[in-house]
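Here is a short report for a reader new to this structure. Look over the sequence and the model before reading on.

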Amino acid sequence: DEPRGLRFLEVIDRNSQYMATMVRDLLQLSSIESGAIPMNIRPVPASVVTHCGMELCRRAAEAKKLEFREDLQGEDFFIAADVEYLRRVMRNLLENPCRYAPEGSSIIVSAKAEPDSGVASFRVADSGPGIPPELRVRVFERFFRVEKHRGGQISTGLGLAICKHIIERHGGRIFVEEGNGCVMCFTIPLV
């Protein structure tokens, strides 16, 4: 019958889109890991990184009535970064709270220069369900998905692994900070 056939087509379409996303993410991760794609690291204002991430995710945030709040501590400052790669990191770190933060809540994007250590610290904080402490180290592994531990949306489990390799290629580190909700942090060298 026709409704049953349409359901099968929807399942086939959804699975083929998932597989295409998986292949794209694997190719991207492989290229980043191997250094096959050179990075164009140059001085970039920290505000450019925070703004571009928020712009890329604005529609998803508005759909859930989420508010982006920027906290650029002190004067704007420069980091040594490839803007396109950091845009991918910020988009990924903001897409997750857009999925899991409670409707009507805030997502706080902050950046702070730490001259004594020579890095800038970036944070994306939300009041969503957070990541259980025992899983915080594992979220950056390939194919690891917190969703399967708490139910929820399907992902390839590669987004945070890609972020990790991008940040490491910049000479920084990425981690989950303890606290309420979910607080994702990364560091990038200052110029």
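Is glutamate 141 buried, partly exposed or exposed? Glutamate 141 is partly exposed, at a relative accessible area of 35%. Buried means under 20% relative accessible area, exposed means over 50%, and partly exposed lies in between (1.4 Å probe, protein chains only).

The model is predicted: local features need pLDDT of at least 70, side-chain atom pairs count only at pLDDT 80 or more, and totals for chains, interfaces and linings use all residues. Residues are numbered from 1 along each chain as its sequence is written, and side-chain values use heavy atoms, with hydrogens and water left out.

**Salt bridges**

Side chains of opposite charge can pair when their charged atoms come close. A salt bridge here is a side-chain nitrogen of Lys or Arg within 4 Å of a carboxyl oxygen of Asp or Glu. The count comes to seven salt bridges. The table lists three of them, including that of glutamate 141.

| Pair | Closest N to O |
|---|---|
| Arginine 123 and glutamate 177 | 2.6 Å |

Helices (H or I, at least four residues) and strands (E, at least two) are DSSP runs, numbered from the N terminus.

Lysine 164 and glutamate 168 are four residues apart in helix 5, so about one helical turn separates them. Lysine 164 is partly exposed at 26%. Glutamate 168 is partly exposed too, at 41%.

**Helix 5**

Helix 5 (residues 159-169) is mostly covered: eight of its eleven residues are buried. Among them are Leu160, Ile162, Cys163 and His165. Just after helix 5, glycine 171 takes a positive phi of about 85°.

**A loop residue**

Lysine 65 also has a positive phi, about 55°, although it is not a glycine. Lysine 65 sits in the loop between helix 2 (46-63) and strand 2. At 56% relative accessibility, lysine 65 counts as exposed.

**Cysteines**

A disulfide is a covalent bond between the sulfur atoms of two cysteines. The rule asks for a pair of cysteine sulfur atoms within 2.5 Å. The count is zero disulfides. Cysteine 182 is buried at 12%, and cysteine 185 is buried at 3%.
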